Amino acid sequence: MLETTTGTTPTEATGVRFLGKTAFVTGAGTGIGRATALAFAAEGANVAVADIDAHDAAETARIIEAADGKALALTVDVTDESAVRDALARTVDTFGGLDVAFNNAGVEQSQTCTADLSTEEWTKIISTDLTGVFHCMKHEIPLLKDRGGAIVNTSSGAGVMGIAGQAGYAAAKWGVIGMTKSAALECIGDGIRINAVAPGVIDTEMMGRVTGGTDEGREAMTSQEPIGRMGRAEEIASAVLWLASDLGGFTVGHTLVVDGGQTVG
């Protein structure tokens, strides 16, 4: 059985909340997506591990299976609607249905002022971080209507405040929150709860690219966090599982900000 970050088994820590359920996770090859896929598996879920990088998806699936979990590795570009639709169909064919989705795939923006941001980069960010979430929800919702379930979308601290040099990224992440709220109202009558999580500065591969992998870059990002450190991917995973579980059963259309105090004030 997979262990939690504290070294206890999931049953000892919080119970096996997703036993026999199926979770679909995008961007699951690294970072927050991988941590969340592992957390779902540790709590008993079958996990469809979707990522644009086939090697990363396979590695996450391998980790799950090595701990006696059940996983399906899927190579998916969320900007391609047909690829998303087909991946979800394979998930249902393999595991018999869908219960939870974590729409997490995303890309970062270079530090670029709005007037200097290329249309090409803008389009890539919006296509992945916003339209990609739309593609996923568009094809997940019909699968959940007959059985209920939960969807969690990844926004960001950049989705609740402005950040200089991040207009494209912020636009996408604000858009995720608006889309989440609207879809949540549409779907709650069908027993589908839709929420979002907004991470702060999290120590992942993506953050490594943002900081340039330098001590100075890490210090600059960490200085934005009143808590005095970067967050861990597992801390975001725990928030996602809470939103997706019965513990969050009265939470609808909410954006849970998990950011060490970055957006306070």
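I sorted the residues that line the largest pocket by type and recorded 18 nonpolar, 21 polar and 9 charged. I counted Ala, Val, Leu, Ile, Met, Phe, Trp, Tyr, Cys and Pro as nonpolar, Asp, Glu, Lys and Arg as charged, and the others, Gly among them, as polar.

The model is predicted, and I therefore noted that local features need pLDDT of at least 70 and side-chain atom pairs pLDDT 80 or more, while totals for chains, interfaces and linings use all residues. Residues are numbered from 1 along each chain as its sequence is written, and side-chain values use heavy atoms, without hydrogens or water.

**Entry on the largest pocket**

I then asked which elements each supply at least two residues of the lining. They are helix 2 (31-42), strand 2 (46-51), helix 5 (119-144), helix 6 (167-187) and helix 7 (205-211). (Helices, H or I of at least four residues, and strands, E of at least two, are DSSP runs numbered from the N terminus.) Helix 7 contributes the most to the lining, with 5 residues.

**Entry on residues in helix 6 and helix 7**

I placed Gly 178 in helix 6 and Val 210 in helix 7. Gly 178 is partly exposed because its relative accessible area is 37%. (Buried means under 20%, exposed over 50%, partly exposed in between, with a 1.4 Å probe and protein chains only.) Val 210, at 41%, is also partly exposed.

From Gly 178 to Arg 229, 51 residues away in sequence, I recorded a C-alpha to C-alpha distance of 29 Å. Val 210 and Met 221 lie 11 residues apart along the chain, with 8.8 Å between their C-alpha atoms.

The axis of helix 2 comes within 10 Å of that of helix 3 (residues 54-66), and the two cross at roughly 30 degrees. Helix 2 is therefore roughly parallel to helix 3. (Axes are lines fitted to C-alpha atoms, for helices over the stretch in contact, with angles from 0 to 180 degrees between N-to-C directions; under 35 degrees is roughly parallel, over 145 roughly antiparallel, 65 to 115 roughly perpendicular, the rest oblique.)

With helix 9 (residues 233-244), the axis of helix 2 comes within 8 Å and crosses at roughly 55 degrees. This makes helix 2 oblique to helix 9. I noted a right-handed crossing for helix 2 with helix 3 and a right-handed one for helix 2 with helix 9. (Right-handed: the near helix is turned clockwise from the far one by less than a right angle; left-handed: anticlockwise.)

**Entry on loop and strand residues**

I found Asp 68 in the loop between helix 3 and strand 3 (71-75). Asp 68 has a positive phi of about 70 degrees, although it is not a glycine. At 69% relative accessibility, Asp 68 is exposed.

Asp 77 sits in the loop between strand 3 and helix 4 (81-95) and is partly exposed at 30%.

Is Ile 151 buried or exposed? Ile 151, in strand 5 (residues 149-154), is buried, as its relative accessible area is 0%. Thr 180 is 29 residues from Ile 151 along the chain, and their C-alpha atoms are 9.1 Å apart.
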